[in-house]
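The sequence and the structure are shown first, and the account of the packing follows.

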Amino acid sequence: MLKHAFTLQYGLDWGGETRFKAALKPLTIGAELDALAEIEALGDLPDNAAESQKTRRQVQETLIYWARQLEVDGIPAADLTADYLLANLSGADYAQILDEQDALRAKSPAASATETDGAAQPHNAAGKPATRTTAAP
């Protein structure tokens, strides 16, 4: 399965050591359904929920998905839960993982299948890849 490896800036503490080496893998259908069920089990926020409650819920939902697609060397998959990440993941590493998800998507065969090879792609006068408009004679 496709994986995108990277190094966390602050890392995650586990077993008396800080773990830095991580990887993201695409979310399987089963894992996504499990994540949706876990999110539903959180229940609804009150109608008058504060912004902090809404933000916390959004972060929790993100971490629920990551618990199923993030791997960190030395941390057993069963222990890499949303609650563990909420309690141990730094804000900087959270932001980094968001960026790493974009890198994983870019590696996806489905994403690259829609792009043309850079060498075969027409370029405009500025040397940038041409668009449909700038490539027209």
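In this predicted model, helix α2 (residues 51-69) and helix α4 (residues 91-107) have axes that come within 12 Å and cross at roughly 55°. The crossing in which α2 passes α4 is left-handed.

The contact between these two helices is formed by V59, T62, L63, W66 and Q69 on the α2 side, which meet Y94, I97, L98, Q101 and L104 of α4. By residue class, this contact of α2 with α4 comprises seven nonpolar and three polar residues, with no charged ones.

Helix α2 also packs against helix α1 (residues 29-41): the axes of α1 and α2 come within 9 Å and cross at roughly 145°. This crossing of α1 and α2 is right-handed. From α1, the residues A31, E32, D34, A35, L36, E38 and I39 meet E61, I64, Y65 and R68 in α2. The contact of α1 with α2 divides into six nonpolar and five charged residues, with no polar ones.

| Helix pair | Axes come within | Crossing angle |
|---|---|---|
| α2 and α4 | 12 Å | roughly 55° |
| α1 and α2 | 9 Å | roughly 145° |

Three strands make up an open sheet, in the order β1-β2-β3, with antiparallel pairing. Strands β1 (4-14) and β3 (70-72) stand at the edges and have a single partner strand each, so one side of each is left without a neighbour in the sheet. From one strand to the next, the twist averages 35°.

Within this sheet, strand β2 (residues 17-24) pairs with β3 in the antiparallel sense over three bridges. A22 stands opposite V72 of β3.

Which strands does α2 lie across? Helix α2 lies across β2 and β3, and runs at about 60° to β3. Helix α4, in turn, lies across β1, β2 and β3, running at about 160° to β1.

Taken together, these contacts place α2 against α1 through residues including I64 and Y65, against α4 through residues including L63 and W66, and across the strands β2 and β3. Helix α4 meets α2 through residues such as I97 and L98 and also lies across β1, β2 and β3.

How values were computed: Residues are numbered from 1 along each chain as its sequence is written. This is a predicted model: local features need pLDDT of at least 70, side-chain atom pairs count only at pLDDT 80 or more; totals for chains, interfaces and linings use all residues. Side-chain values use heavy atoms; hydrogens and water are left out. Axes are lines fitted to C-alpha atoms, for helices over the stretch in contact, and angles run from 0 to 180 degrees between N-to-C directions. Helices (H or I, at least four residues) and strands (E, at least two) are DSSP runs, numbered from the N terminus. A crossing is left-handed if the near helix is turned anticlockwise from the far one by less than a right angle, and right-handed if clockwise. Contact means heavy atoms within 4.5 Å. Ala, Val, Leu, Ile, Met, Phe, Trp, Tyr, Cys and Pro count as nonpolar, Asp, Glu, Lys and Arg as charged, and the others, Gly among them, as polar. Two strands pair if DSSP finds at least two bridges between them.
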